[in-house]
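Please examine the structure shown below before reading on.

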Amino acid sequence: MTASDEGYQHIEHGFEPVFDQRSRILVLGSFPSVLSRANAFYYGNPRNRFWRVTAACLGVPVPPNEGDPLASGEPATLDASIVAKLAMLLNGGVALWDVIESCDIKGSSDASIKNVVPAHIERITDAAPIKQMICNGGTAGRLYKRYLQERTGLPAIVLPSTSPANAAWRLERLVERWRQAADWAAL
């Protein structure tokens, strides 16, 4: 390993895409963060605003994160959190996956991604009537255009990242931009 490779790990995505035959919008991230990989589900960092933004766009309550109180007052388990998030997406006609199947990466840093193996996007596009592609952040947008757009034939709307690292975008501003970008009401 060279000095420039120090800190890199080769990581496989590790969990399945979210979609069904009613999915109309496909939201693509770049690659799961360390916390998401540990939880084996998307946007596992509680500071990531993806679930709040998507819920606002769909006009539904925000699904709980692990540890958040449920209606019963009990804290949500990781499994209960994932079930609620899956239900919100599928009931809303939203599919979710990442552009990258595997890569070399340092921690959760999109800027460090190299040696990309793109996702098999046809798993979703062959099974669901996807009408809009949304990329969550510039890295996902660049990688989608480079590796997947020709395969899908659909241009992507690249939206500001919901990552907590994107501090320039407050939650309200993110919600407004994401709402304007897609036809969430048609789902």
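Predicted model: local features only at pLDDT ≥ 70, side-chain atom pairs only at ≥ 80, totals over all residues.

Residues are numbered from 1 along each chain as its sequence is written, and side-chain values use heavy atoms, with hydrogens and water left out.

A nonpolar core is a set of buried Ala, Val, Leu, Ile, Met, Phe, Trp, Tyr and Cys residues joined through side-chain atoms within 4.5 Å; buried means under 20% relative accessible area (1.4 Å probe, protein chains only). The largest such core here has 50 residues, and Leu 26, Tyr 42, Trp 51, Leu 96, Trp 178 and Trp 184 touch the most other members. Beyond its neighbours within four places in sequence, Leu 26 has contacts (heavy atoms within 4.5 Å) that include Leu 96, Ile 121 and Ile 134.

Two rings pair if their centres lie within 6.5 Å, using the six-membered ring of Trp, and planes over 60 degrees apart count as edge-to-face. The whole structure holds 7 aromatic pairs. One of them joins Phe 41 and Tyr 42 edge-to-face, at 5.4 Å centre to centre and 75 degrees between the planes. Phe 41 is buried at 8% relative accessible area, and Tyr 42 is buried at 3%. Phe 50 and Trp 51 are also edge-to-face, at 4.9 Å and 85 degrees.

A charge sits over a ring if NZ of Lys or CZ of Arg is within 6 Å of the ring centre and within 35 degrees of the ring normal. Lys 114 lies over Tyr 8, 4.1 Å from the ring centre, and Arg 173 sits over Trp 169 at 3.7 Å.

Terms used. Phe/Tyr/Trp six-rings, centres within 6.5 Å; stacked < 30°, edge-to-face > 60°.
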